[in-house]
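Good morning, colleagues. Please take a moment to look at the sequence and the model, which I shall then discuss.

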Amino acid sequence: QVQLVESGGGLVQSGESLRLSCAASGNIFSIHAMNWYRQAPGKQRELVATITKSGNTNYVDSVKGRFTITRDNIKNTGYLQMNSLKPEDTAVYYCNAVIELRGNDNVYDYWGQGTQVTVSS
């Protein structure tokens, strides 16, 4: 019923930037929080950034000042602007959204397929 499609990952050098996008489609009434997680090889999945429907944001300490999470509530799309990338940012990045469906009072948790970000030194 709902799909999250991520794009924008790739291979960059240390210090460069990438912008990830997460487009939600389907039977959507409202998107509550949108989140970006990442998982590096051999490590647990980590919450990187969160944005509420009203635009309040929160970041893990390691990306504060470098990453910016935004959203377009008309396009049902979230973004993660990543600047000054470091090799330790290398991971698969996942979009997550809490979505209320049309005709249904419940909210559901959806995930994207993940996009690889690789930062070389």
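Which residues does Ser120 touch, not counting residues up to four places away in sequence? Ser120 touches Val12, Gln13, Ser14 and Pro87, where contact means heavy atoms within 4.5 Å. Before I go further, please note that this is a predicted model, in which local features need pLDDT of at least 70, side-chain atom pairs count only at pLDDT 80 or more, and totals for chains, interfaces and linings use all residues. Residues are numbered from 1 along each chain as its sequence is written, and side-chain values use heavy atoms, with hydrogens and water left out.

To return to Ser120, this residue is found in strand 11, which covers residues 115-120. Strands (E, at least two residues) and helices (H or I, at least four residues) are DSSP runs, numbered from the N terminus. Is Ser120 buried, partly exposed or exposed? Ser120 is partly exposed, because its relative accessible area is 26%, and the class runs between buried, under 20%, and exposed, over 50% (1.4 Å probe, protein chains only). Ser120 and Phe67 are 53 residues apart in sequence, and their C-alpha atoms are 18 Å apart in space.

Let me now describe the chain as a whole. The protein chain has 11 strands and zero helices, and its pattern along the sequence is β-β-β-β-β-β-β-β-β-β-β. Its radius of gyration is 14 Å, close to the 14 Å that the globule rule gives for 121 residues, so the chain is as compact as a globular protein of that length. Here the radius is taken over C-alpha atoms, and the rule is 2.2 Å times the number of residues to the power 0.38. Along the principal axes, the C-alpha atoms fill a box of roughly 50 × 25 × 25 Å.

Of the 121 residues, 41% count as buried. Among the contacts with a separation of 6 or more, 55% are accounted for by residues 24 or more positions apart. The accessible surface comes to about 6,400 Å², and 46% of this belongs to carbon and sulfur atoms. Accessible areas come from the Shrake-Rupley method with a 1.4 Å probe, and for residues only the protein chains shown count as cover.

I turn next to the charged side chains. Side chains of opposite charge can pair when their charged atoms come close. How many salt bridges does the structure hold? The structure holds four salt bridges, each being a side-chain nitrogen of Lys or Arg within 4 Å of a carboxyl oxygen of Asp or Glu.

One of them joins Asp89 and Arg38, at 3.0 Å from N to O. This pair links distant parts of the chain, 51 residues apart: Asp89 is in the loop between strand 8 (77-82) and strand 9 (91-101), and Arg38 is in strand 4 (residues 28-39). Both Asp89 and Arg38 are buried.

Asp89 also forms a salt bridge with Arg66, whose closest N and O atoms are 2.7 Å apart. Here too distant parts of the chain are linked, with Arg66 in the loop between strand 6 (57-59) and strand 7 (67-72), 23 residues from Asp89. Arg66 is buried, as is Asp89. Arg38, Glu46, Arg66 and Asp89 are linked in a network of salt bridges.

Another salt bridge brings together the side chains of Asp61 and Lys64, at 2.9 Å from N to O. Asp61 counts as exposed because its relative accessible area is 60%, whereas Lys64 counts as partly exposed because its value is 47%.

The backbone also deserves attention. Most residues other than glycine have a negative phi, and most peptide bonds are trans. Asn76, although not a glycine, has a positive phi of about 55 degrees. Asn76 is found in the loop between strand 7 and strand 8. Ser84, also not a glycine, has a positive phi of about 50 degrees, and its place is in the loop between strand 8 and strand 9. Ser84 is partly exposed, with a relative accessible area of 40%.

Finally, where does Thr52 lie? Thr52 lies in the loop between strand 5 (46-51) and strand 6. Not counting residues up to four places away in sequence, Thr52 touches His32, Ala33 and Arg71. Thr52 and Met34 are 18 residues apart in sequence and 6.5 Å apart in space, C-alpha to C-alpha. Thank you for your attention.
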